[in-house]
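Have a look at the picture first, then read on.

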Amino acid sequence: MPAPTSPTTWQPRRLAIVAAALLFTTYVVVFLDAGAQPSLGVWGDAAINVLAAAVAAWPVVLLCRALPWRVADRLWFVAAHIAGALAFLALWAFTTAASLALRTGLRDGDWTLVWFTGPARSWQGMTALVLYFAIAGGCYAAQAARDASEAAALQHAAELRALRAQLDPHLLFNTLHSLLELVRSGDDRADAAIERFARVARYVAEGRAAGATVPLLDEWRMLDDYLALESLRLGPRLTIHHALTGDATDVRLPALTLQPLVENAIRHGLAPRAGPGRLDVRVHVTTDGMLITVDDDGLGAAATSSGSGTGLALVRKRLETVYGRALQFEAGPRAEGGWRVHARLPRHQT
């Protein structure tokens with residue numbers, strides 16, 4: 001499954017094909033309305049005009065690249081495009097006349113340039129101006145979509161770095177202390193715990209492109225290691241139940257989605273409370289997505305009063321960036337006490 005695509009993805013080739021088809025149809029209708037009989041000549045004249053427009057459109061694209069949308073507030077920006085529109089009109093008219101002359105020259109030996117006259121000239125002039133600004137508008141819409149996509153990617157990368165930065169101290173200062181105690185006491189669990197710690201640290205430190213996804217099974221294995229370390233640290237104070245159900249073979253999700261949800265529950269809901277606590281983590285894969293539920297019987301709403309839950313907010317924001325409106329994400333206190341996070345992520349097929 002590839003990474004979900006941004007809703008701002010732009011399809012300029014598709015737009016160009018649709019515009020050419022509409023322009024061709026418009027020319028045919030105009031020629032027939034002017035009294036021409038349906039024939040190959042009418043289709044040919046329409047195709048020549050569309051081809052001339054395509055040739056004249058390329059300089060417009062280059063001009064828009066040279067004058068990007070971010071300089072639209074400059075006084076000379078409008079003047080440059082007015083001059084560009086007039087040049088586009090002249091180039092289109094000349095290209096059309098030359099194309100028609102080439103056709104008649106090859107057919108009849110008459111190489112005279114064929115210029116539009118009367119209403120046809122006025123119509124061509126108006127169409128050229130409308131088409132110029134339509135092309136320029138499409139170019140600038142593409143630039144805006146690309147800028148928005150790049151901004152979303154940068155934001156996604158920054159949020160991922162923030163999650164890593166939040167996790168690293170937590171792992172170092174809490175888990176290493178537990179490992180040190182195991183080593184000093186000669187506990188047989190030390191080697192396995194050190195290996196788990198190394199796998200979690202490596203997973204967190206791995207560089208990933210903004211918007212990239214990872215296999216759900218990899219994310220789940222990392223979570224299993226993390227929960228084992230937290231169980232080691234908190235001992236009998238923490239009871240953990242976690243289960244992955246459904247066929248997760250081909251399922252992917254953004255990296256560091258599950259662990260921050262669990263860390264939020266432990267760090268802000270369960271660890272500060274007096275006495276033992278219970279954590280339930282369930283991920284169920286369906287045919288059209290996955291359901292993620294993280295329940296704890298910790299402090300609940302009281303934990304949010306101190307401004308906790310930064311990781312939770314970052315995960316939600318990252319998922320919204322990736323999945324958009326298809327994401328369902330709810331977080332809040334449970335009626336029986338504690339806190340619940342419930343998320344439904346759509347499934348993207350390969």
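Start with two neighbours: strand E5 (residues 289–296) and strand E7 (residues 339–346) pair in the antiparallel sense over eight bridges. Strands here are DSSP runs of E with at least two residues, helices are runs of H or I with at least four, and both are numbered from the N terminus. Two strands count as paired if DSSP finds at least two bridges between them. In general, strands of a sheet pair through backbone hydrogen bonds, either parallel or antiparallel.

A note on what you are viewing: this is a predicted model, in which local features need pLDDT of at least 70 and side-chain atom pairs count only at pLDDT 80 or more, while totals for chains, interfaces and linings use all residues. Residues are numbered from 1 along each chain as its sequence is written, and side-chain values use heavy atoms, with hydrogens and water left out.

On its other flank, E5 has strand E4 (277–286); E4 and E5 also pair in the antiparallel sense over eight bridges. These two strands form a hairpin with two residues between them. Here are some residues that face each other across the pairings:

| Residue | Stands opposite |
|---|---|
| Aspartate 280 | aspartate 295 in E5 |
| Leucine 291 | arginine 344 in E7 |
| Isoleucine 292 | alanine 343 in E7 |

Is E5 enclosed or open to the outside? Eight of the eight residues of E5 are buried, so this strand is largely enclosed by the rest of the structure. Buried means under 20% relative accessible area, exposed means over 50%, and partly exposed lies in between (1.4 Å probe, protein chains only). Gly289, Leu291, Thr293 and Asp295 point one way from E5, whereas Met290, Ile292, Val294 and Asp296 point the other way.

Now zoom out to the whole sheet. Five strands form an open sheet with mixed pairing, in the order E2-E4-E5-E7-E6. Strand E2 (238–245) and strand E6 (328–333) stand at the edges with a single partner strand each, so one side of each is left without a neighbour in the sheet. From one strand to the next, the twist averages 5°.

Helix H6 (residues 216–234) lies across E2, E4 and E5, running at about 170° to E2. Such angles run from 0 to 180 degrees between N-to-C directions, with axes fitted to C-alpha atoms, for helices over the stretch in contact (heavy atoms within 4.5 Å).

Finally, the protein has nine helices and seven strands, and buried residues make up 40% of its 350 residues.
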